[in-house]
Amino acid sequence: MLSSRLQPHLLSLLRIVWSLVLFSQKILHFPAAASVPHAGSLSWVAGLIELILGFLVLVGFQTRIAAFVLSGLMAFAYFIGHASKGIYPAQNGGVAAILFCFIFLYLVAAGARPLSVDNLLKRGRTAAA
């Protein structure tokens, strides 16, 4: 079926687009940030982690590990920044944090798929053996 052949490539596309959205926001201020976190602040450190690990997920290198850390970071962000304002993400402003958390958690299980550095390295090891 067409859908089963497209599934791995669409998962790679989800990984690429999702990580682009994440790592471009806080540190790079793209498209435009309302506020800039102060260097060394908790928000700045989180942004630096998002930038580095988001790039790793984008290119598909060590994807499962990077996505696991990012999933935990997003859960932490939700509970620190949003959960105290109410239980429902739509009410407390935590929709993005919850979505990032669970999509990165899904990528931990799914992996990077065909369009990734991980896949290129795997093919290189197979060819060398």
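Trainee: Which residue takes a positive phi just after H5, and of about what value?

Mentor: Gly 111 does, with a positive phi of about 80° directly after H5. Before going on, keep in mind that this is a predicted model, in which local features need pLDDT of at least 70 and side-chain atom pairs count only at pLDDT 80 or more, while totals for chains, interfaces and linings use all residues. Residues are numbered from 1 along each chain as its sequence is written, and side-chain values use heavy atoms, with hydrogens and water left out.

Trainee: How do you know that the span of H5 agrees with its 16 residues?

Mentor: The expected span of a helix is 1.5 Å times one less than its number of residues. For the 16 residues of H5 this gives 22 Å, and the end C-alpha atoms are 22 Å apart, so the two agree. The protein has six helices and zero strands, and its elements run α-α-α-α-α-α from the N terminus on.

Trainee: Why is Trp 18 called buried?

Mentor: Buried means under 20% relative accessible area, exposed means over 50%, and partly exposed lies in between (1.4 Å probe, protein chains only). Trp 18 has a relative accessible area of 18%, and therefore it counts as buried. Gly 54 is one of the buried residues of H2, which include Leu 51 and Val 57, and in H5 the buried residues include Phe 100, Cys 101 and Phe 104. Over the 129 residues of the protein, buried residues make up 32%.

Trainee: Why is Gln 62 called partly exposed?

Mentor: Gln 62 has 38% relative accessibility, so it counts as partly exposed. Gln 62 lies in the loop between H2 and helix H3, and it has a positive phi of about 55° although it is not a glycine.

Trainee: What makes Arg 113 partly exposed?

Mentor: Its relative accessible area is 34%, and so Arg 113 is partly exposed. Arg 113 sits in the loop between helix H5 and H6, and its phi is positive, about 75°, although it is not a glycine.

Trainee: Which residues form the positive surface patch?

Mentor: Arg 64, Arg 113, Lys 122 and Arg 125 form it. Patches are made of residues with over 30% relative accessible area and no salt bridge, with like charges joined within 9 Å and nonpolar side chains (Val, Leu, Ile, Met, Phe, Trp, Tyr) within 5 Å; a salt bridge is a side-chain nitrogen of Lys or Arg within 4 Å of a carboxyl oxygen of Asp or Glu. Lys 122, which lies in helix H6, has a relative accessible area of 52% and is therefore exposed.

Trainee: Which residues make the nonpolar surface patch?

Mentor: Leu 2, Leu 6, Leu 10, Leu 13, Val 17 and Val 21 make this patch of about 510 Å². Leu 2 lies in helix H1, residues 2-25, and its relative accessible area is 52%, so Leu 2 is called exposed.

Methods: Areas by Shrake-Rupley, 256 points an atom, 1.4 Å probe, with all protein chains shown as cover. Lys, Arg positive; Asp, Glu negative; His and termini not counted. Charge placed at Lys NZ, Arg CZ, Asp CG, Glu CD. Helix = DSSP H or I, 4+ residues; strand = E, 2+ residues; numbered from the N terminus.
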